[in-house]
Structures are given as structure tokens and as C-alpha cells.
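This report describes selected features of one protein chain. The sequence and the model are shown first.

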Amino acid sequence: RTSSVPRLRSNSPLLRRARVPVPLRFGRATRCLGRARRERNGAMASQSFPVITRCAFGGLGKVSCDKTAKSVRRGSSQGGSRTAPRVNASSSHPTTLGGMRRMDDGTWDGALPPRCRVSKVAGKSPDTKPRRNSTVSEASRKLEAAVSLMSTEAYHCEDIATEETHEAPDFSWTPTGFIPDHENNIIAHLFGGGAACQAEASAEGNQSSQVLFGSDGDEKSDDDDAAEAAALIAVFESDKPNQEIVTAETTMQQTDVTKEIAPKRSLALSRYKDGTQHGPSTSSEDCEDSEKKEEMEKVVPKMSAEEVVSKPKKKKLSGVPIIFVTSEVAPYSKTGGLGDVCGALPKALAAKGNAVVVVSPLYEEFAGVAPTDFSCQVSLGHETHTIRYWRQHKHGVTYLFVQHISLQRGGGGKIYGDAEGPYSDNAFRFALLSLSAIEAPLCVPWGELFFGGGVVGAATKKNFTFTSAPVFVANDWHAALTPVFLTARYQSVARSALQNRLDWAPEGSCEAIARATCVTIVHNLFHLGIFPADLYRSLHLPELHGKEWFPSLRWRWGPGRGESMNFLKAGLALSSAAVLVSPTYAKETQTKLLGCGMDGVLRSVGNFGSDADFGVMNGVMSGNLIGVVNGVDLQEWNPGTDTHLAQCYSADLAPGETFTNASTGKTVFDVMAGKAANKASLQRELGLREDPFVPLIGFIGRLDSQKGVDVLLDVVPRLVELGAQVVLLGSGDPGLENGLRQIEMNFPGNAVGWVGFSVPVSHRITSAIDILAMPSRFEPCGLNQLYALRYGTLPVAHKTGGLKDTVTPDVGFPFAPCNRDALCVAMEHAVWTYRNDQPKWQKMRLRAMRKDLGWDVAADKYERLLKRVAAPAPHALNHESLRESNPALAQIRASEDTSSEWKDAEKRAEKTRIRASNAPDRDTREAETTTSEGEDSWARKVQETLKNLLRI
């Protein structure tokens, strides 16, 4: 029993006369009245019923017949038969109908359907008999007689010759008498009455009857059973199955002389949504009387296909509001993998229907980025600063740039420092970035913020439902103060910082920030963001009633070395969850070997605040610390469309096949031909000896100890001895840069060291080389090996972090440990396979190129995490879209009391502050050194004491 569908009583007239199951099918909906079975959605009728015909539950509607037909419905000796009208409804062909069973020869046998009541429009027929006196055999005979008429070609509406015009019966359905009045409310709601259609039929002078399921108190005609059975069968056998009818009306009249159906006049056509016509069609020329012609045109106006098919409703959009905060975003600003991830991941999340914004500094004027009229003022560094926003909306993502004089020092290598080292005010610069990201949804209307603004943005905002409160995504230490400021400066003092803005802030934005959560992504744990503790006061964090926020930022290096602030530690401690860029790296960082002193902090994030080491179970129980491998921008890194290459190629082409790319106009070759052409082009460009059979080995990346460049430089002489050529591209450590220059001088024609970085050159090297060297000592994820796989280049990589997750033996050559000997063995294996086992090499190459390296898989994991940590959306956030769809509900939501919103936010912030204050605040590397020194001193004292005792 449901509240929306009334239950049929056991003594209902309908069920009392039909104790056997009566399956009634319309399209996909099925209802068995005998067992009172409902569909999964609990509905009593399908939504695929005809719109105008309204023939419900068996398609029984008004049936046009003559008075003389009632004398032959029980098989009277007068002869003749009762013809069944055309009943149009969307249906399928069952094996049972109204208690009747369909025989193998196509006839029907068994009990009759539930009794019907005949509501006469013009008078009642006096010749009626009790229904209960009929028998099954009598029902079979009269049913067979009715079906035999329908089986002839003359009684199908689509085959009737329109020699004469005929009247159309009104199939409008009235629920009166179907079930008792108190059970009739849902039926009356679904299907309106037929009073208007009855009046129209009376005006035509027809004597029509309306066949409906009746109640006990109504006078019944025994001869109505044949008409009822014929009407039921007409629904299931005469119609075009599984088609939704837009309009369907016909009229049949039985003559007194022949007792046969003759067409009189067609008032309407049966039209389906596919544009086809079904049923009798009589043009205006067939009407002899001009008045009848005009009357027919009034009843049936000419309809176009657009008028017949109703316009579909506009699809409602919904998603999570996500705000990325990052110091780099490609293609605007980039120094490494951080910019690539923040340029591709937001687009993948936006493609899944979420509303995404990326907030980044405006280091310089970028192409396509325009200033907006929105700005904000923030207090930082004992001063008030004005921030202006610049914006560009593309690929479904809004790129919002923060303009301030301290941030505009140039892009590229000038983002974090200059030749003299890192900027001294980096703490202030990136704290300003975090504050500006939180202020953006409070100052910029959300139609402008998430959907690009203008008419399109406003319309999208009205049609969009935010499924949760905003989720801020802080990337690395540069944005790690975002959860700190969000919790301390906004949520912990919500009544003063947010409630006071209700009058002028965008609708629902204050309540949204009060519920906002944050997730921190660690791309490289090697950079923590350590700054002096005396800068704490410049952050303007509230300290009310002795509640201090410094413990969440405190970082200790060991006894006697004082305290400092660790931005990344504070961001992790105050976030709802943390993500590292590969599963293996997430496990490695929770150990002292690769945790960079932060292993205790990471374990506390994943182990409900405890820094205890549970081994393989670290982070598993809570799910708040996960690892997700990055993806590749498949449009930018596509060997079939890459404009930087000398020759495009594709893994989908067999050897010798080519095709012309319509978008670029270039010819695309198979993998072997394309790689060979790119290798020859690169050898000529870099001055290497041209040889299509020599193995070409390359390196692309930052020159520092993390990347293991020093190990690779030691192996280069051995590679030249093996007959290979080496190409190295990168910049960074001055000593390693000199090493690249020295290699090129020692092996001219076989080795090239390019100091610097160029995106086009990196694309050409990736496509031309056969082997990519990645001897990183530790690698959070790594992107170059993913680019290499995409271009059919096999990596030789150290089994660590993301390299271990992506470079497997079927597509590369992993090795361990990271030293000269292990790298030499792996390189020798790769060179031998290239020269002596080309079939295996080609299989590995094609397998690598066909791997799913896009962002879809990673975006799914991020989306699940963001939805899990997100708080429910406040009602005010969706008030505009709700006002469009349900004004009454929107009015109720607007009148609700939200005074408790701010107190709840302050309570949540206080719990978060206490949890962050208890997070580990000591570098585990210093603690380990101190402990080992203490243990050694204690052991020496014990040894000296024992020696003294032995002497005595």
C-alpha cells in the first residue's frame, strides 16, 4: 500500500467480478488487477497512455453502436454481429487478457473480463440480463463471433476504403463507476473526464455508448460482454505496438440494413510520434457537403510534425561546486607536473557535470584572460589589500586569476624565485592566494563564477542544482593555507564573518562557505613550505577565549632548534581528506624512509588522528588518505594529431596503412613508419649520426638529485659503448647542467645535452626516442613515463612511487635499487630486446600506446572522494533554480529559520581546531637522529660502568 495509489478492496465490484488475474499492458507498464500487483515504481498506470484518447486499463473508451446491435450480442437468431471499433493504444501482445487465454490458432477462450457498465448518451437499452447467468461456453461463443469480425480486412481501420464519411467516437475515458468513489481519486487525477467529448458527440447526432467498468448498483446489459471483449482484444491486436499515440480518434456506425460497419466520416487521424499515420484518413475532397468539410477542418486542424511532437523538457543539471587553488595551471603557468594536473583534472571533473573553478595567481597577462568588475579586500600582513579578479571560461571550467602586485613578477622560472633564490615574501604571496580563493564565492555571483557569466551563465545557473556545499582543493604547500583560513577566519567566527554579509553577498554563498570542506593534494612531499614562526601574527588568525591556531602550524626540528611554521602540515591537519598522486607513493610517504619527516602527520590523517604505524593498513580504515595516479591530456598528447611532430602516427593503423587527418591536414602513418620518420628528423635537428637502427635513449625532466640524473650520467659511457645514442633535456642544478655539457663534449655525434626546456622539443624527443630513462630516487607520480607510453616509447624506470604503478614489465623495464649497476642491467636488457627481439618490442609498444591513460579513471576516484567529504548544500544555494521548478517549495525554503547555521559552523570549526592541535608537530627524521644519539650515549655509559666493575 502506498499513499499515492489506493488499494482495491476485496469486495470491490471490479475484483468481485474478476477473480482471475487480469494483466493490462501499456508500453512498459504492467498491472495485474486480480493480484493487485504494482510495478516497481508503484504506479497504477503507465505514462505511455495516449494523450488525447485516454483509453486506460484495457483501452476501453466510448464505443459507437446502434440500438439494433444489442439484440444480437448474445448470439441472437436475428443474425448479424457486433463490430469492434478501432481502439488505439500503445500495447504488446500477451497470452492472457481479462481472464481469457489465447489459443494456438489465434482465438480466445476462457472467462470473460470484468463486467462493464454502458452509460448511454441518448437513452438506455431496456433489454438487459444479469451478467451472472452467462456461462464460460456462452462467453467463448460470443467472443469468437466478435473476434471473427475483427480478423477480416474490412474491419481494420487502416484498410477501410473511405467511400463514405463516418462519425468518430470519443474515446475519452471517465473514471466514474470504475471503482468506488473513494478509490477513484488517483484515476481521476491521471485521466480527466469525457464531458466535453460527450457534448461533441451529441452535437454530431450520434447515439454513442461509453463502456466503463461499473459498480454493482448500475444496470447492466448482458449483450455488452461481446463488445467489451472485442474492445479489449482490439487494444492488443489492432494497434501498432510500442508506439506512443499523440492523437487517436475514429468513428464507426452500424447500419440497420446490413448490420455491417460502414465509414461515415473521419474527424481525426491517428498520429504517432514518428510521424506515421494510422487509421482511416478522409481528405476534404471526399466530403460532399461543404459545411461538413468546414466542420471537419475545425475539429482536425492541420498539424505539422513540430506541433505533433511535444518539445522535450530541458534537462536539469546538477553537480558538486569544486574550487581548485593552485600556484600553477597549464597552459597559463607551469614549471612541472603540478601545472599539468591542475590544467587537466578540472576539465575532467567538469565533463562529469560538476561546477569547477580554478583560482591561480596572475603572474603576467595571459592570452584570452580578461579583467572582471569584481574585487575583494583582505587583511594580511598588518595591512588591507585589494584583490582584482581576471577570468577566462573554457572547456566548462572557469579560470579565475588573482591580480596583486606581489604576484606579478613573471611566469616560468620566476614564479617562486629568481637567480638569487626563492622570494623572501613567498609566505605572504601564497597566503594572499588562499584568502582570495575563499573570498571569490563571496564576492563573485555564482553564475559568473562557475558558468562564465552573461546570458548563458545566468541561464545555466537557473538550471543547475548544486548537490553539496563547495569543496576547496588545495594543491601543495602554496595553497595549503586554504583550509587554515577557511576554518579559522570564516567558519570559527561565522556569525561575524559570514552572517553579516547576507545582505550583499551572492544568494546562498555565506551559508555555503559555512559548510564548505577542503581536500589537500600532495604532488611532492619534498616541498613543505617551512617559514619562521614570527610570521604567525601576520596571518591574522583569531585568538578568542584562549583558542589558539598556532599549534596546527607548529613544526619542530629538534631540541635547541626552536619552532617554525609548516604550511603543508597545517593544511593536511585541517583538511577533511588528503590525496597523494599514486597509491605506492601514498604508502611510501607514511614511512620514515620517504616521508620527509611528515610520515606521522600523514598517518594521523589516514588513521583517525593517530600517528601509529599500522603497516599496510595505514589510511585504509578511514579512507581519508588515498593515492590516485594522474592521467594524461589525450588531446595535447596525441601522436595522431600532434602538430609538433615531423610525422604523425597511430596505433590503430596496420603496417603500411595511412590516412589523412581532416583537422590537421597531415598524413597519419603506422607506428613503425611514424617513429622512424621522427627519429631521423630529431637526429638531423640535434646533429646526431643518422641511423634508423640505433637505439635512441632520452631523458626529459628537472635536473636535481631526486630525478637521479647523476646516476644516469654515470651510465651514459656504457650506453655509448652499447652503440646507443643519448639525448638529455632539462634545467636545474648548475652542477648537473655542467654534466650535460660535458657529456656532449665527450661523445660528439652520439650524445646531446640540451640545457633548458622547450615544450615543442619535449614532444619531438618523446616521439623520436625508443627508450625513456627515469632513474628517479623517488617519484610521487611522474608524467613523462605516461607521455612516453602514449607515444610508443618504452620507459626504463626505478620501481618507486607512481613509476612502480605505471611502468610494468609488459610495457617497460622497471629496476631497483636506484644505483648505477641496477640501471646498467636494465638498460642492457632494453637495448638487447630492441635489437634482437623486434616482434616482442613491437607488441610492447602497441600495448603501451593502447593503455587507458586518460583522466576519466582518475576523475572518477576524485569525484567519489569529493562527494563523500562534501557537506549537504544549503537550501539558499539552490533557491534560484528551485524557484524556477517549484515556486511553492522555494517559498517554504526561504521562510525557514537558518539562525543555527552559524552556530553549527562554529562548533565544527572548534572540533577541527582541536584535532589539528593534536596532530604530530615534530620532524621524525630529527627525532630518529636524537633518539639514536641518546641510545648510543646510554649504551656507552653502560659499557663504561661494566668495565669499571670488571676492573674492580
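## Basis and overall content

The structure is a predicted model, in which local features need pLDDT of at least 70 and side-chain atom pairs count only at pLDDT 80 or more, while totals for chains, interfaces and linings use all residues. Residues are numbered from 1 along each chain as its sequence is written, and side-chain values use heavy atoms, with hydrogens and water left out.

The chain contains 31 helices and 38 strands; these are DSSP runs numbered from the N terminus, with helices (H or I) of at least four residues and strands (E) of at least two. Of its 952 residues, 55% count as buried, where buried means under 20% relative accessible area, exposed over 50% and partly exposed in between, with a 1.4 Å probe and protein chains only. Among contacts (heavy atoms within 4.5 Å) between residues at least 6 apart in sequence, 72% join residues at least 24 apart.

## Phe531 and its aromatic surroundings

Phe531 belongs to strand S25 (residues 530-532) and is buried because its relative accessibility is 13%. Beyond its neighbours within four places in sequence, Phe531 contacts Asn426, Ala427, Trp477, Ser564, Met565 and Phe567.

The whole structure holds 21 aromatic pairs. Rings of Phe, Tyr and Trp (its six-membered ring) pair if their centres lie within 6.5 Å; planes under 30 degrees apart count as stacked, over 60 as edge-to-face and the rest as tilted. Phe531 and Phe567 form a tilted pair, at 4.8 Å centre to centre with 40° between the planes. Since Phe531 lies in S25 and Phe567 in helix H16 (residues 567-574), this pair ties together parts that are 36 residues apart in sequence. Phe567 is buried, with a relative accessible area of 2%. Both residues belong to one aromatic cluster, formed by Tyr416, Phe430, Trp477, Phe531 and Phe567.

## Other ring interactions

Tyr536 and Phe550 form an edge-to-face pair, 5.2 Å centre to centre and with 80° between the planes. Tyr536 is in the loop between S25 and helix H15 (550-553), and Phe550 is in helix H15, so that the pair links distant parts of the chain, 14 residues apart. Tyr536 and Phe550 are both buried.

The charged end of Arg409 is placed over Tyr423, 4.8 Å from the ring centre, and that of Arg489 over Phe485, 5.5 Å from the ring centre.

## Helix packing

Two packed helices are described by the angle between their axes and the distance between the axes. Here, axes are lines fitted to C-alpha atoms, for helices over the stretch in contact, and angles run from 0 to 180 degrees between N-to-C directions. Helix H12 (residues 481-491) packs on H16 at an angle of about 55°, with the axes 7 Å apart. That makes H12 oblique to H16; angles under 35 degrees count as roughly parallel, over 145 as roughly antiparallel, 65 to 115 as roughly perpendicular and the rest as oblique. Their crossing is left-handed, which applies if the near helix is turned anticlockwise from the far one by less than a right angle, with right-handed applying if clockwise. Leu481, Pro483, Val484 and Thr487 in H12 meet Phe567, Ala570, Gly571 and Leu574 in H16.

Helix H20 (residues 709-721) and helix H25 (residues 820-836) pack at about 45°, with their axes 10 Å apart. H20 is therefore oblique to H25, and the crossing is right-handed. The residues of H20 at this contact include Val711, Leu712 and Val715, and those of H25 include Leu823, Cys824 and Met827.

## Buried sites elsewhere

Ser333 lies in the loop between strand S15 (321-325) and helix H8 (337-351) and is buried, with a relative accessible area of 2%. Not counting residues up to four places away in sequence, Ser333 touches Ser327, Glu328, Gly339, Ser360, Tyr363 and Ile415.

Helix H22 (residues 759-768) is largely enclosed by the rest of the structure, because 7 of its 10 residues are buried. These buried residues are Val761, Ser762, His763, Ile765, Thr766, Ser767 and Ala768. Among the elements covering them are helix H19 (671-686), strand S34 (725-730) and helix H23 (784-790).

Methods: A charge sits over a ring if NZ of Lys or CZ of Arg is within 6 Å of the ring centre and within 35 degrees of the ring normal.
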